[in-house]
Amino acid sequence: MARFGDGLIFAAAVAAILWWLWRRFRHWLHEPPSSRLRRLARDSAPDDDDEAAALLREHGYEALSGKHRIPLGVSVDDGPYEATRLYFDYIASKDERYYLVKLERPRQPMDWTASGIRERLLVYALLFPECEGVIVADMRDRTLRTVKFKIEEGKE
């Protein structure tokens, strides 16, 4: 009799685990693309006296969060992975669209040619395809420039 009860409890536990895994999979499958950004935005709210967040507000954007670091690993020729990080400054929203924000640094000025923009900002657009674009904020001139990427059809 004890074996029947043990088997019944085991079967119930397996069924509960399978049911939980199925629900998690369905939740992940039907999760909207912007939910990843919303989770990031909840992590760190910008300071009230933050000058860059104020500049975003002046231009109609809402700074949702600030100072993000994406950890990455890099391996060359099947060597060991070395840790590195990718940084961006804010996540902002306007009209229910999300944008990544990079502050232009005086010691690393932006090359505003197509290839310069591609080399510097394309990685953010590929990492977060649900974003509408990347905003480059120039604190010195108090300007914002929005960069968007589009894959073009055509011959090489």
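Alanine 92 stands opposite tyrosine 99 in strand β3, in a pairing of β2 and β3 that is antiparallel and runs over five bridges; strands are said to pair if DSSP finds at least two bridges between them. The model is a predicted one, in which local features need pLDDT of at least 70 and side-chain atom pairs count only at pLDDT 80 or more, while totals for chains, interfaces and linings use all residues. Residues are numbered from 1 along each chain as its sequence is written, and side-chain values use heavy atoms, with hydrogens and water left out. The secondary structure of the chain comes to four helices and five strands, where helices (H or I, at least four residues) and strands (E, at least two residues) are DSSP runs numbered from the N terminus.

- Read from the N terminus, the elements of the chain follow the order α-α-α-β-β-β-α-β-β.
- The five strands make an open sheet in the order β1-β2-β3-β4-β5, with mixed pairing, and its edge strands are β1 and β5, each of which pairs on one side only.
- Neighbouring strands of this sheet are turned by 35° against each other on average, direction ignored; axes here are lines fitted to C-alpha atoms, for helices over the stretch in contact, and angles in general run from 0 to 180 degrees between N-to-C directions.
- Eleven bridges hold β1 and β2 in an antiparallel pairing, and within it glutamate 62 has serine 93 of β2 as its bridge partner.
- β3 and β4 pair in the parallel sense over five bridges, with leucine 100 partnered by valine 134 in β4.
- β4 is joined by five bridges to β5 (residues 143-147), and these two strands run antiparallel, with isoleucine 135 standing opposite threonine 146 in β5.

**The hairpin turns**

- The hairpin of β2 and β3 has two residues between the strands, and aspartate 95 takes a positive phi near 55° there.
- The hairpin of β4 and β5 has four residues between the strands, and arginine 142 in the turn has a positive phi of about 55°.

**Helices on the sheet**

- Helix α3 (residues 51-58) lies across β1, β2, β3, β4 and β5, and runs at about 40° to β2.
- Helix α4 packs on the sheet as well, touching β1, β2, β3, β4 and β5, with a direction that makes about 80° with that of β2.
- With 14 residues, α4 reaches 19 Å from its first C-alpha to its last, close to the 20 Å expected at 1.5 Å a residue; the expected span is 1.5 Å times one less than the number of residues in the helix.
- α4 bends by about 55° at leucine 121, the bend being the angle between axes fitted to the seven residues ending there and the seven starting there.
- The buried residues of α4 are Gly116, Ile117, Leu121 and Tyr124, and what covers them includes β2, β3, β4 and β5.

**Buried residues and cores**

- Buried residues make up 30% of the 156 residues in the chain; buried means under 20% relative accessible area, exposed means over 50%, and partly exposed lies in between (1.4 Å probe, protein chains only).
- In the largest nonpolar core, which has 16 residues, those that touch the most other members are Phe88, Ile91, Leu100, Leu121, Tyr124 and Phe128.
- At least two residues of this core come from each of β1 (62-74), β2 (82-94), β3 (97-103), α4 (114-127) and β4 (133-138).
- Apart from it lies another core, of 15 residues, among them Ala52, Ala53, Tyr99 and Leu144.
- A nonpolar core is a set of buried Ala, Val, Leu, Ile, Met, Phe, Trp, Tyr and Cys residues joined through side-chain atoms within 4.5 Å.
- In soluble globular proteins, nonpolar side chains tend to be buried together.

- Serine 93 is found in strand β2 and counts as buried because its relative accessible area is 13%.
- Leaving aside residues up to four places away in sequence, serine 93 touches Gly60, Tyr61, Glu62, Leu64 and Tyr98, where contact means heavy atoms within 4.5 Å.
- Aspartate 89 also has its place in strand β2, and it counts as buried because its relative accessibility is 4%.
- Aspartate 89 touches Ser65, Gly66, Lys67, His68, Val101, Lys102, Leu103 and Arg105, again not counting residues up to four places away in sequence.
- Aspartate 89 and serine 65 are 24 residues apart in sequence, and their C-alpha atoms are 8.4 Å apart in space.
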